[in-house]
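The following report describes selected features of one protein model. Please consult the sequence and the structure shown below while reading.

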Amino acid sequence: METTLRGVGVSHGVAIGEVRHMGTAVLEPPAKQITADEAEREQGRARQAVSAVAADLIARGQLAGGEAQHVLEAQAMIAEDPELMADVDRRIAVGSTAERGVYDAFAAYRDLLAGAGEYMAGRVADLDDVRNRIVARLLGVPMPGVPDSDEPYVLIARDLAPADTALLDPTLVLGFVTEEGGPTSHSAILARALGVPAIVALPGAGEIAEGTLIAVDGSTGDLFVEPTAEKRAELEAAAAERRAALAASSGPGATSDGHKVPLLANVGGPADVPAAVEAGAEGVGLFRTEFLFLDDSKKAPSEEKQIESYRKVLEAFPEGRVVVRVLDAGADKPLDFLTPADEPNPALGVRGLRSLLDHPDVLRTQLTALAKAAEGLPVYLEVMAPMVADRIDAKAFADACREAGLKAKFGAMVEIPSAALRARSILQEVEFLSLGTNDLAQYAFAADRQVGAVSRLQDPWQPALLDLIAMSADAARAEGKSCGVCGEAASDPLLACVLTGLGVTSLSMGAASIPYVRATLAKYTLAQCERAAAAARAADSAEEARVAAQAVLSGE
């Protein structure tokens with residue numbers, strides 16, 4: 001009998017197929033004691049296993065490319081963390097085997113992360129995956145992962161580590177469902193990059209029996225267990241209609257009555273540019289420069305290396321708009337040379353612009369590199385600061401840009417509720433705003449963006465979040481300046497219409513989402529978008545807001 005479950009849809013499309021489950025977790029190694037004479041040998045085994053796992057993660061990243069490569073390289077850094085390895089060595093020196101020393105050292109670090117709140121707790125899944133890979137190698141057992149299958153299937157897992165998600169074969173994995181995770185988790189971001197329909201934060205999905213036929217709607221978050229023939233036909237027809245609309249859609253983003261809404265791409269570096277160009281991106285709305293810095297946590301990349309990377313992206317969009325976010329370090333992206341190591345709650349501490357203002361040489365080098373990279377190019381360069389809290393922050397950033405001789409527009413990200421509340425004040429110092437809806441929701445609702453248990457509060461349809469977006473857009477309109485959205489909210493086609501109705505002037509998203517948003521925007525007038533936005537803001541929950549907006553746009 002058909003039953004319906006609902007999670008959080010994070011990647012558009014429909015997948016219909018039989019269930020395959022992820023392999024089981026690595027068993028806990030036995031607490032076997034070794035003699036003092038065996039310690040050096042066991043320490044060597046541990047180091048070899050760590051090096052092999054780090055090399056494998058880097059190789060997987062190079063195969064995957066793009067944003068997945070940056071994520072996997074960050075995991076490799078976790079594997080070879082000197083403090084973790086020192087703890088492993090200490091445990092082996094007092095009698096643990098290599099595998100037990102690794103297991104216990106990672107468990108201790110895991111507890112620290114889990115208790116750190118906000119971003120850091122969200123990295124537990126990544127840490128567990130690294131531990132499992134090292135222990136499996138030491139035990140000589142197969143690493144749990146994506147199941148072998150000759151037939152296409154829908155994958156169900158408790159959670160998916162980046163190393164597994166990055167190399168999913170879309171010809172075999174029709175879609176995936178996870179019990180944990182959130183709309184901004186690594187798995188969700190990589191699913192969108194792959195174009196694989198996906199649902200996260202769906203408790204109980206793991207209880208669906210192997211081989212059961214299910215249908216996954218990655219747009220709505222609905223999962224249908226043993227769907228009827230009628231339901232399958234309905235979903236397939238909707239998917240076919242979507243594909244036809246995508247094929248017919250091209251050109252700049254705009255509503256049906258010609259109101260322009262530039263559709264831009266979120267990129268992490270040059271490797272992400274080809275997909276953005278192919279999708280018809282009108283420029284870059286978020287260039288995440290921190291991935292360049294994560295290659296070496298000990299020191300910042302040289303000015304020359306930065307210039308080379310920035311110029312490759314700028315050259316790809318002649319006469320287009322490229323919005324660069326300066327280094328956003330801290331919280332889940334710690335850098336030894338920049339961020340404090342002992343903060344009790346890193347997401348609420350010295351991160352983003354705060355770190356850069358504490359290290360003006362790092363900011364100056366990056367701004368100088370951007371200025372030199374843009375020399376002689378017809379690109380419209382815009383540079384923005386992350387984690388701007390007030391006008392004082394905005395002025396400090398604008399002053400730094402001017403001192404570096406940067407010929408570009410200076411902007412501020414709105415990720416902290418105070419920035420939305422005082423947007424007009426901030427706009428006295430900068431020329432544009434860009435809404436990072438992922439962090440704005442996290443801070444507005446005190447809900448960790450990586451924790452599935454609070455995913456309803458991370459839903460970008462939350463009316464309170466829409467209110468903060470509207471405040472920012474109204475302030476920008478009053479000052480005659482622009483206000484874009486570069487958070488994951490922009491990738492939802494229906495929500496893109498609502499954001500347009502709220503007064504947002506541009507939308508930036510993963511390249512795979514651009515055709516969906518373009519096609520949906522083109523179906524409605526600006527007035528319809530405005531009515532849908534008003535209906536969504538009048539609701540009392542995210543679900544009610546979504547339904548209300550859909551009803552307006554459907555003419556109900």
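In which helix does Pro417 lie? Pro417 belongs to helix H16, residues 417–421; helices (H or I, at least four residues) and strands (E, at least two) are DSSP runs, numbered from the N terminus. The model is predicted: local features need pLDDT of at least 70, side-chain atom pairs count only at pLDDT 80 or more, and totals for chains, interfaces and linings use all residues. Residues are numbered from 1 along each chain as its sequence is written, and side-chain values use heavy atoms, with hydrogens and water left out.

Pro417 counts as buried because its relative accessibility is 19%; buried means under 20% relative accessible area, exposed over 50%, and partly exposed in between (1.4 Å probe, protein chains only). Not counting residues up to four places away in sequence, Pro417 touches Leu440, Tyr443 and Ala444, a contact being heavy atoms within 4.5 Å. Leu440 and Tyr443 are among the buried residues of H18. Helix H18 (residues 437–445) is mostly covered, with 7 of its 9 residues buried. Just after H18, Ala446 adopts a positive phi of about 50°.

**The barrel**

Eight strands form a closed barrel in the order E9-E10-E11-E12-E13-E14-E15-E16, with parallel pairing; two strands pair if DSSP finds at least two bridges between them. On average, neighbouring strands of this sheet are turned by 25° against each other, direction ignored. Axes are lines fitted to C-alpha atoms, for helices over the stretch in contact, and angles run from 0 to 180 degrees between N-to-C directions. Helix H12 (residues 303–315) packs on the sheet and touches strands E10, E11 and E12; its direction makes about 160° with that of E10. Strands E15 and E16 pair in the parallel sense over 2 bridges, and Leu507 in E16 is the bridge partner of Val485.

**Salt bridges**

The whole structure contains 32 salt bridges, each defined by a side-chain nitrogen of Lys or Arg within 4 Å of a carboxyl oxygen of Asp or Glu. Three of them are tabulated here.

| Pair | N to O distance |
|---|---|
| Glu28 and Arg100 | 2.8 Å |
| Arg311 and Glu315 | 3.3 Å |
| Arg537 and Asp467 | 2.8 Å |

Glu28 lies in the loop between strand E3 and helix H1 and Arg100 in helix H4, so their pair ties together parts that are 72 residues apart in sequence. Arg100 is buried, at 13% relative accessible area, whereas Glu28 is partly exposed at 45%. Arg311 and Glu315 are separated by about one helical turn, because they are 4 residues apart in helix H12. A network of salt bridges also links Arg6, Asp222, Asp459, Glu543 and Arg546.
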